[in-house]
Structures are given as C-alpha cells and as structure tokens.
Amino acid sequence: MNGNQKRVLAIHDISCVGKCSLTVALPIISATGIEVPSLPTAVLSTHTGGFTGFTYRDLTEDMIPILDHWNSLDLQFEGIYTGFLGSFEQIDIVCRICDEVGKNATIFVDPVMADNGKLYGIFPDNFPQGMKKLCSKADVILPNVTEAVLMLEEEYVEGPYTKDYVEGLLKRLAAIGPRKVVLTGIYFEENRLGAAAYDAETGEISYFFADKIPGYYHGTGDVFSSAAVAALMNGLPLSKAIEIAVDFTQRSIVRTYEAKSDIRYGVNFEAGIPKLLKDMGL
Ligand code: PXL
C-alpha cells in the first residue's frame, strides 16, 4: 500500500487513440481513489478493431528490466489487472510479474483476444491456451462468451442463452482455477444484455442486464472490466460490482449512440464517472 491507498498494477497496451486498454483502465480505476501503476505491453497508434495501417511497437523487451527495477524497490501491489497481451512470451512474463510483485495481490485477468465467435486476427489459433494458463493463476477472470468457449475448447453458441448453459460455462471456467468468474455478453432475451458472475467459494451466481443498444462499440469490454475491478478493489460484493459495471458500460454506449459518434473511437464513459463514484458509495 502507498499510505492507505491501494495500488492496482494495470498491464495492457496503450492504444493511443480509440479508448481501450490503458487509456480506459487508468482514468476509471484512478477516479475511484485507487492508484494505477501501469506496465504498457505495446504502443499502437489506434486499437486493431476497425482501423487499418495502425502502428504497433512491441514492448516485451522492456518488461523484465521494469520488473527487475521494481523488485529492487521491494514493490508489492494489492491488485494486478491484465488485459490485451500481444504474445505467449508476454503471457509468461505476466505470470512471473504476478509471482514476484503480486504475492498478496488480487489478480484480475481479462483474457482479451476474441469476440462474436472469432479470435482477433492478430492472434495464433493456440493463443487461447496461453490465456487459459494465465487465467489459472487469477483470482477473478472476466472473459466474454467467445473467450470463454475458446479457452474451454468448446463450440461457440449464439444466444439467447439458457440459464443452464451459462451456469455450466461459469462452473467450467471456475474449474480452470479462479475464485470468481465474470462472464460478459450474456442475454436470455434479444433486447437485454449483461453479465453473469459466479463466486466459486460461496456458490452464489448473479446476473445483471440492461437494454441492448444496436451496433458494436469498441473498448466496451475494457470499460466494463475496469469498472468491475475498481468496484471489487473498493470492497463491493461481486453481484454489486457487475451491476455497477453493466450500468456504467451501457450508459456509456447510450451516450455514444445518441451522439452518433464514429463507433471505432470508443464510448463516452467519461461523462458517467460522477454517477459511477456515487454508485460505489465514494
Ligand atoms: O479493447 C480490447 C483491445 C485492446 N487493445 C488492443 C485491441 C483491442 C481490441 O481490439 O486491438 C490493441
């Protein structure tokens, strides 16, 4: 701890433009009073969704020297939150980071790699098995349905889903190792979308849904996960954390939909930060 302030190490890329990964995690988690030390895994001119010609500077080579320096300072973090990782080597380094500077940390893994039934084009077909290994070290994982089935080596199924199917997925994901599983992109009816959560220690399963907005908005997984990580690190129960994160994400999408913005540039989550803090009792 830095005084009585918690620190959550965020390990993601910096997509300079397009509001995802670190440019989302930093403002959202910081706003809730948590310090967010950051380890950028790559610098891209934009994210990879919907843009062509983006630059990609891989920072793998810097990660171990950065870790070595932190070890020399005897740093330990209360939380570690990882998202988009560019390679198997980065996955292995992140496992090492968790072991060395996250000895008492709550480890949050969002296995960012796929959506809508498909692995993102930049990843090799066996990448989900690397992410599965990282998820086995996590306390909390936050996959979407596509990422979940890829890690479980199951067929992708289109919704609407049944409760039985979702609860089966949650339990099979918990068997990978995490104590808590948050699954996004869940819907039981066409016009309500949300998340499911499973606490493997208590057996409690919870859901939260909001009205679905047409269109595919980039970075919303990161907006959701950042809000959920912030809520959990601020001591809120899992069911409340997913309620707050679904509501915050959906309102950000509504704002962006109403503004008729170019959806590649991410959602307006900034305007929702005051309500987010109120919902968290901050
Ligand atoms: O929002 C997830 C994400 C993060 N980082 C990069 C991405 C994406 C999704 O496409 O391309 C670089």
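Reader: Hi! Where does Glu 61 sit?

Author: Glu 61 is in helix α2, residues 60–72 (helices are DSSP runs of H or I with at least four residues, strands are E runs of at least two, and both are numbered from the N terminus). This is a predicted model, where local features need pLDDT of at least 70, side-chain atom pairs count only at pLDDT 80 or more, and totals for chains, interfaces and linings use all residues. Residues are numbered from 1 along each chain as its sequence is written, and side-chain values use heavy atoms, leaving out hydrogens and water.

Reader: Is Glu 61 buried or exposed?

Author: Glu 61 is exposed, at 73% relative accessible area (buried means under 20%, exposed over 50%, partly exposed in between, with a 1.4 Å probe and protein chains only).

Reader: Switching to rings: how many aromatic pairs are there?

Author: The structure has ten (Phe, Tyr and Trp rings, with the six-membered ring for Trp, pair if their centres lie within 6.5 Å; planes under 30 degrees apart are stacked, over 60 edge-to-face, the rest tilted). One of them is Phe 123 with Phe 127: the ring centres are 4.3 Å apart and the planes at 15 degrees, so this pair is stacked.

Reader: And are those two buried or exposed?

Author: Phe 123 is buried at 6% relative accessible area, and Phe 127 is buried at 0%.

Reader: What about Tyr 161 and Tyr 187?

Author: Their ring centres are 5.5 Å apart with planes at 70 degrees, so that pair is edge-to-face. Tyr 161 lies in the loop between α5 (145–152) and α6 (163–174) and Tyr 187 in strand β9 (180–189), so the pair ties together parts 26 residues apart in sequence.
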